Amino acid sequence: MLVAGLMSGTSADGIDVALAEITGIGWKTRIRLRTFQSLPYPPAVRQRVLEISGGASVPASEISQMNFLLGELFARACQTVCRRSRISMKRLALIGSHGQTIYHQNRESSFCGMAVRSTMQIGEPAIIAERTGVTTIGDFRPADVAAGGEGAPLVPFFDYLLYRHPRRGRVVLNIGGIANLTAIPAGGSPQDVIAFDTGPGNMLLDALASLATKGRLSHDPEGKLASRGNVSEPLLRRLLRLAYFRQPPPKTTGREQFGRDFLERYFLNDRGLSQRRLNGLKDALATATAFTAESIACGIADFVLPKFPIAECLASGGGVKNLFLMEQLRRRLTSHARQAGIRVVSSDETGVPSDGKEALAFAVLAYHTLHRQSSNLCSATGARHPAILGKVAYGKA
């Protein structure tokens, strides 16, 4: 079956599209990636998505409009990639769309006198199905939340499917806007998997790079700006004392915790690293990069290595292209691991594009939903039971 996976992450860079041939079911599923491409959001759309997901006060009408607009953009992205790849839309059997997260409340809080947790991804699946004519499955997270889970991470199902190994313990790491990992022991079962968000990934780095270049750059190419700054180890130690990093998994986070308010409090104030001086911003960027690397290394050291040894770390996401970040990660992971070196490599070396792994994962999740198979790992999300994820919008008859 030819399936498309559509994904836009916390960084809201644009829409990732993966096309894959999928056969089998469950842990016998086989995947052959046909193509992967990423299409950027129009600048005005990206800016507004970041503002909405960052907590800007917006009327319900604008969220509704953005939901349908993103549905149109996701549909066009799928059509564009199929056209460029010379694949007829008639050959496409299914689309799995993660959508764009704009809110994720992973812990119960009081609302109208009741304890509620919730998550919201927009990019209307009914629009995608109507425009493409292809049955589309979206809105994957709520079913896991309804089952008592955090609604994330969902990619561990895919990680275990692809990367379990009889003799090597592995960490499968994704550094997107938020960094998350799946740890799989050698010969382990799905119940043995440990997965969680380690903290911010590229989110802080992108914001600081934009400030340092007065909007000229949306990210720090290869980490060159950060490499020219000095890491503030006192600030780094202070950040790592925050409660989130002591909290055991399962746990997830997002812009609600590490967004604009966090950036201003710890990196853009007069007591710390001031935005008024370019060198200050470079120091802030260097420290934020080290913070991302250190929080990943500490997450592995604190919550994975006490349970089982790790031989390899397979990294994906936009952060893989940040050479300074990857250098920091290797150094800090070696410092924390206290064992023979953990080999850190890009998922590209396994045949999965580092930018495209999550889009491919949602193609696989959608495929299992179509076959009425659960695809959440309770050990990763904290759900009470396995759940069939997503909502189906049928294509044209």
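**Exercise 1. State how much space lies in the second largest pocket, and describe its lining**.

Solution. About 560 Å³ of space lies in the second largest pocket. A pocket here is an open set of points on a 1 Å grid over the protein atoms alone, with protein on both sides within 12 Å along at least five of seven lines, and lining residues have an atom within 4 Å of a point. The volume is the space filled by probe spheres set on the points, which are joined across faces, edges and corners. The model is predicted: local features need pLDDT of at least 70 and side-chain atom pairs pLDDT 80 or more, while totals for chains, interfaces and linings use all residues. Residues are numbered from 1 along each chain as its sequence is written, and side-chain values use heavy atoms, without hydrogens and water.

Next, the lining: 21 residues line this pocket, and Gln47, Leu50, Ala207, Arg255 and Arg260 are the closest to its centre. Helix 6 (203–212) is among the helices that supply at least two lining residues each, and helix 6 gives the largest share, six residues. Helices are DSSP runs of H or I of at least four residues, strands are runs of E of at least two, and both are numbered from the N terminus.

**Exercise 2. Find the residues with the most contacts inside the largest nonpolar core**.

Solution. A nonpolar core is a set of buried Ala, Val, Leu, Ile, Met, Phe, Trp, Tyr and Cys residues joined through side-chain atoms within 4.5 Å. Buried means under 20% relative accessible area with a 1.4 Å probe, protein chains only. The largest such core has 55 residues, and Leu173, Leu208, Phe267 and Phe291 have the most contacts inside it. Helix 12 (residues 278–303) gives the most to this core, with eleven residues. Beyond four places in sequence, Phe291 touches residues including Pro200, Leu236, Phe245 and Phe262, where contact means heavy atoms within 4.5 Å.

Terms used:
Buried < 20%, exposed > 50% of the residue type's maximum accessible area, 1.4 Å probe, protein only. 1 Å grid on protein atoms, 1.4 Å probe; cavity = no way out; pocket = protein on both sides within 12 Å on 5 of 7 lines; lining within 4 Å.
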